[in-house]
Amino acid sequence: MNILVTGGAGFIGSHTLIELYKAGHTALVVDNLYNANPEALRRVAEIIGIPEIPFVEADIRDRQALEAVFANNRFDACIHFAGLKAVGESVEKPLEYYENNLNGTFVLLDVMRRHNCKNIIFSSSATVYGDPAIIPITEECPKGQCTNPYGQTKSMLEQVMMDLQKADPDWNIVLLRYFNPIGAHPSGKIGENPNGIPNNLMPYITQVAIGKRERLGVFGNDYPTHDGTGVRDYIHVMDLASAHVAALQAITRKQGLTIYNIGTGQGYSVLDVVKAFIRVSKVDIPYVIMPRRAGDIATCYCNPDKAERELGWKAQFGLDDMCRDAWNWQKNNPEGY
Ligand code: NAD
Ligand code: WQD
């Protein structure tokens, strides 16, 4: 298939391109480079072994630019990663987050429809479950109250796509609810490249390991978990990448709208991750216990059986692999791209 990949220069998009090409697909990336470096696409092409990844630098809110992309190409489906994703920043800048994530998706869906491309895989998030009613979380678990505008945009866009598919059954829509993607391509050539102080656990840990940050702050050790720190379902970004290739099957089978949890089904605490990282990297990670972070929940991990049953997809990598590859990327690229 030929796939339009919005936000394809970013963390998850760049890794997904590799799996798409490996499976025999081709892609064109539209990205405004707001949170990405074009060097990522150059390295992706190098890993795949092609001269370059077709790329248009454009904002998906720019209707004219998107129209031109569709006028010049034929796509079988779109994988839609483009969006703003920093939880804390979304609390500070709600309007920017709602505007970019909602409006960008509205323009994209409308232009797709006009060009009769009605197949889309959307990057949703475990955040839509809020503080989950059931652990492990199945797709039937009711959506919860999101504590931040970023999460609201994901939840709202899921609803928009549900309504769209109901109104026009020609649409095939896959909502992938990612849990906590970490790690990097095993080559160490591409990985997560956060701007400024990392918000997420693994990039913070790797920056402590490389000496950029003094110590990790562990946000709370009084949660009702096995060691008091927050438990999450970390998933290797290459497993997440291959989930997108698997999800294309749901589109081929014309399943209408389907939702899949994309995680390993295994929960690890902050301290489990720190210990695994120290073991794998042989680098010490000094840490200090801090107060809880506003909006955090105690435990979040999924039941990923539906994706295995219907798509034949299952995570292959464990926590040690995630730590090894995250460290390999950071070590080889201390300043990112
Ligand atoms: P990322 O920021 O690395 O990638 C997003 C890409 O979209 C960036 O390259 C950015 O430049 C681009 N972009 C943003 N707004 C755009 C616009 N208006 N037009 C064109 N390009 C635009 O983020 P990521 O971690 O790769 O996440 C990809 C998607 O997955 C996002 O939608 C994110 O919300 C979602 N998601 C991420 C996580 C996570 O923990 N990383 C978890 C769940 C869901
Ligand atoms: C993981 C654990 C923290 C940093 C976020 C978004 C979610 C999704 C994935 C996009 C928690 C603890 C963290 C630190 C710490 N993104 N922690 N010190 O919050 O589970 O999920 O990313 O959709 O929507 O909310 O991930 O990596 O920030 O935190 O102790 O410096 O690590 O408290 O328990 P989170 P995270």
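The questions below go from a cavity to a pocket and then to salt bridges.

Mentor: A word on conventions: this is a predicted model, where local features need pLDDT of at least 70 and side-chain atom pairs count only at pLDDT 80 or more, while totals for chains, interfaces and linings use all residues. Residues are numbered from 1 along each chain as its sequence is written, chains are lettered from A and ligands numbered from 1 in the order in which they are written, and side-chain values use heavy atoms, with hydrogens and water left out.

Trainee: How much space lies in the largest cavity?
Mentor: On a 1 Å grid over the protein atoms alone, a cavity is a set of points where a 1.4 Å probe fits but cannot get out, and lining residues have an atom within 4 Å of a point. Grid points are joined across faces, edges and corners, and a volume is the space filled by probe spheres set on the points. The search of the whole structure finds one cavity of 30 Å³ or more. The space in the largest cavity is about 50 Å³.

Trainee: Which elements each supply at least two residues of the lining of the largest cavity?
Mentor: The lining includes His80, Asn101, Phe122 and Lys154. Helices (H or I, at least four residues) and strands (E, at least two) are DSSP runs, numbered from the N terminus. The elements that each give at least two lining residues are α5 (94–114), β5 (119–125) and α6 (149–167).

Trainee: How many residues of that lining of the largest cavity are charged?
Mentor: Ala, Val, Leu, Ile, Met, Phe, Trp, Tyr, Cys and Pro count as nonpolar, Asp, Glu, Lys and Arg as charged, and the others, Gly among them, as polar. The lining holds four nonpolar and five polar residues, and the charged ones number one.

Trainee: Which helix gives the largest share of the lining of the second largest pocket?
Mentor: Of its 19 lining residues, the closest to the centre are Glu192, Pro194, Gln207, Trp329 and Gln330. Both α7 (201–209) and α11 (319–332) supply at least two lining residues. The largest share, four residues, comes from α7.

Trainee: Is arginine 43, a salt-bridge partner of glutamate 39, buried or exposed?
Mentor: A salt bridge is a side-chain nitrogen of Lys or Arg within 4 Å of a carboxyl oxygen of Asp or Glu, and here the closest N and O atoms are 2.9 Å apart. Buried means under 20% relative accessible area, exposed over 50%, and partly exposed in between (1.4 Å probe, protein chains only). With 15% relative accessibility, arginine 43 counts as buried.

Trainee: How far apart along helix α11 are aspartate 321 and arginine 324?
Mentor: Their side chains meet in a salt bridge (3.0 Å, N to O). Aspartate 321 is partly exposed at 21%, and arginine 324 is partly exposed at 38%. The two are separated by about one helical turn, because their spacing in helix α11 is three residues.

Definitions and conventions
On a 1 Å grid over the protein atoms alone, a cavity is a set of points where a 1.4 Å probe fits but cannot get out, and a pocket is an open set with protein on both sides within 12 Å along at least five of seven lines; lining residues have an atom within 4 Å of a point.
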